[in-house]
Amino acid sequence: MEIVVSTLAERPDLRPRFFELTEGFPAFMYHDPTADLFFDHLDEFTDYCFVAVRQNASDDLVGTACSVPFHQARAPDGGLLPLPDGGWDDIIRRSAWTRRTGAVPDAVSALEIRLRPDVTGLGLSAVVLAAMRDNAVRRGFTTLVAPVRPTAKHLEPGTPMSDYAFRVRDDGLPADPWLRTHARLGAVIEKVAPASMVITGSLAQWRSWAGQPFDTDGPTIIEGALVPVLVDVARDLGVYVEPNVWMRHRL
Ligand SMILES: CC(C)(COP(=O)(O)OP(=O)(O)OC[C@H]1O[C@@H](n2cnc3c(N)ncnc32)[C@H](O)[C@@H]1OP(=O)(O)O)[C@@H](O)C(=O)NCCC(=O)NCCS
């Protein structure tokens, strides 16, 4: 199957449909408040968001993707600081800060790629990712990073990400399929982002998001989560701190 990937700026007609593809992420992931800093301001990022349509079917939306430009954090001596432990959340805040202060963006971070379920497993994600990378190059950037959410990590919520992320197959590529797709396009793992996405809620909220009782203290495994949710019944609190994996693409 062939697809055409465009920026949202190039396809404003698809802007009203940008949030149409809702499958692929568990419900609780729509409750990271930091995400609103990006998605509520999508129109400021139309040069960095993408829509994928089937070739010769320009209205058949099969995928969407987002990236953000940001000004990289620096030490007082001007040297670049390491990528933030706060991963996805941190880079969204950094991008918002960049716009607010008028700092000049000098890097791009991928945020997400999602495909319609009926077109997954066909290798299309690499096409979208390559389009994101090419877009960054065209706009003069030399750095593209990605706080990658490994797509098979939810099958092993008890495994530390620091072990999981660095597992490789016989051919030397990452064992996780999504890390592997990035690696095939030339990205390398830089570090784990231990607190990439932080989602907190009352236990009633967690029950509505995940359909489990949340009536026992301690780590609680829920479907689709990469690590357990930490539950404190007396405080009526559930906290999910998702680790992701920083990868750096060579542009
Ligand atoms: C993640 C996603 C974009 C991958 O897209 P895709 O086009 O299906 O990926 P590909 O077809 O290129 O597959 C990549 C690899 O994953 C493997 N794979 C695909 N679907 C798989 C599945 N359901 N289970 C296990 N492996 C799978 C493929 O075999 C391939 O492996 P290979 O490297 O050995 O060839 C897509 O599945 C998706 O939209 N998921 C929901 C949203 C999401 O999780 N996005 C990623 C985080 S931002």
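I begin with helix 6, whose buried residues are Trp 206, Trp 209 and Ala 210. Viewed down the helix axis, these buried residues fall within an arc of 75°, so they line one face of the helix. Please keep in mind that this is a predicted model. The cover over the buried residues of helix 6 includes strand 6, residues 188-201, together with strand 8 and strand 9.

Let us follow the chain onward. Just after helix 6, Gly 211 adopts a positive phi of about 65°. In the loop that runs between helix 6 (203-210) and strand 7 (218-220) we also find Phe 214. Phe 214 is not a glycine, and yet its phi is positive, at about 50°. Is Phe 214 buried or exposed? With 24 other C-beta atoms within 10 Å, Phe 214 counts as buried, because the threshold is 20 or more.

A positive phi, of about 55°, is also found at Asp 236, again not a glycine. Asp 236 sits in the loop between strand 8 (229-232) and strand 9 (237-250). For Asp 236 the count is 14 other C-beta atoms within 10 Å, so this residue is partly exposed.

I turn now to the ligand. How many residues surround the ligand? There are 20, and the closest are Gly 24, Glu 112, Thr 120, Ser 125 and Pro 177. The elements that contribute two or more residues to this shell are strand 4 (107-115), helix 3 (124-138) and helix 5 (177-184). As for its composition, the shell around the ligand comprises nine nonpolar, seven polar and four charged residues.

Terms used
Residues are numbered from 1 along each chain as its sequence is written. This is a predicted model: local features need pLDDT of at least 70, side-chain atom pairs count only at pLDDT 80 or more; totals for chains, interfaces and linings use all residues. A residue is near a molecule or strand if its C-beta atom, placed from the backbone, lies within 6 Å of it. Helices (H or I, at least four residues) and strands (E, at least two) are DSSP runs, numbered from the N terminus. Ala, Val, Leu, Ile, Met, Phe, Trp, Tyr, Cys and Pro count as nonpolar, Asp, Glu, Lys and Arg as charged, and the others, Gly among them, as polar. A residue is buried if 20 or more other C-beta atoms lie within 10 Å of its own, exposed if 12 or fewer, and partly exposed in between; C-beta atoms are placed from the backbone. The arc is that of the directions from the helix axis to the C-beta atoms. Two residues are in contact if their C-beta atoms, placed from the backbone, lie within 7 Å.
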